[in-house]
Amino acid sequence: MLFPHDTKVDALAKSPLFADLSKQELGQLAKATEDLEVEEGKVLTREGDLGREFFVIVDGDVSVTQDGKEITRLGPGDFFGEIALIYENARRTATVTSASHLRFFVLTRQS
């Protein structure tokens with residue numbers, strides 16, 4: 001495990017998707033996550049692909065593009081992919097690529 005349990009709970013609490021969960025429920029959700037790290041240039045989501053994961057950035061930043069054009073950058077504390085947890089067969093609305101060494105955790109639809 002790369003990240004302390006409290007780091008995950010605090011990060012999950014910032015997402016509007018989980019805003020109504022208790023600290024205990026957030027803790028259970030945090031236990032279902034997977035910690036990962038990748039190098040710069042790794043594509044995490046591809047526009048148009050089916051989404052199954054919700055990502056929370058702990059260190060580093062990502063570039064978010066639509067139709068090949070950067071629309072924003074996200075960094076520590078930011079998250080993306082929440083639509084994939086809500087809707088089955090949801091297509092990714094953007095491509096997200098690591099813009100630096102990236103440390104993050106993932107919650108999958110299945111978990």
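Colleague: Is E70 buried, exposed or partly exposed?
Modeller: Keep in mind that this is a predicted model. Buried would need under 20% relative accessible area, and exposed would need over 50%. E70 has a relative accessible area of 45%, so E70 is partly exposed.

Colleague: Which residue forms a salt bridge with E70?
Modeller: Look for a Lys or Arg nitrogen within 4 Å of the carboxyl oxygen. The closest N and O atoms of this pair are 3.2 Å apart, and the partner counts as partly exposed at 45% relative accessibility. That partner is R73.

Colleague: How many residues apart are D10 and K23?
Modeller: These two form a salt bridge, with their closest N and O atoms 3.6 Å apart. D10 is partly exposed at 40%, while K23 is exposed at 60%. D10 sits in helix α1 and K23 in helix α2, so the pair links distant parts of the chain. The separation is 13 residues.

Colleague: Which parts does the salt bridge of R109 and E88 tie together?
Modeller: The N to O distance for this pair is 3.6 Å. R109 is partly exposed at 31%, whereas E88 is exposed at 58%. The two are 21 residues apart in sequence, so the pair ties together the segment after β8 and the loop between α3 and β7.

Colleague: Which strands stand at the edges of the open sheet?
Modeller: The sheet has 4 strands, in the order β1-β8-β3-β6, with antiparallel pairing. An edge strand has a single partner, so one side of it is left without a neighbour in the sheet. That picks out β1 and β6.

Colleague: What is the bridge partner of E34 in β8?
Modeller: β1 covers residues 34–38, and 5 bridges join β1 to β8. For E34, the partner in β8 is V106.

Definitions and conventions. Residues numbered from 1 in each chain as written. Predicted model: local features only at pLDDT ≥ 70, side-chain atom pairs only at ≥ 80, totals over all residues. Heavy atoms only, no water. Pairing = 2+ DSSP bridges. Salt bridge = Lys/Arg side-chain N within 4 Å of Asp/Glu carboxyl O. Buried < 20%, exposed > 50% of the residue type's maximum accessible area, 1.4 Å probe, protein only.
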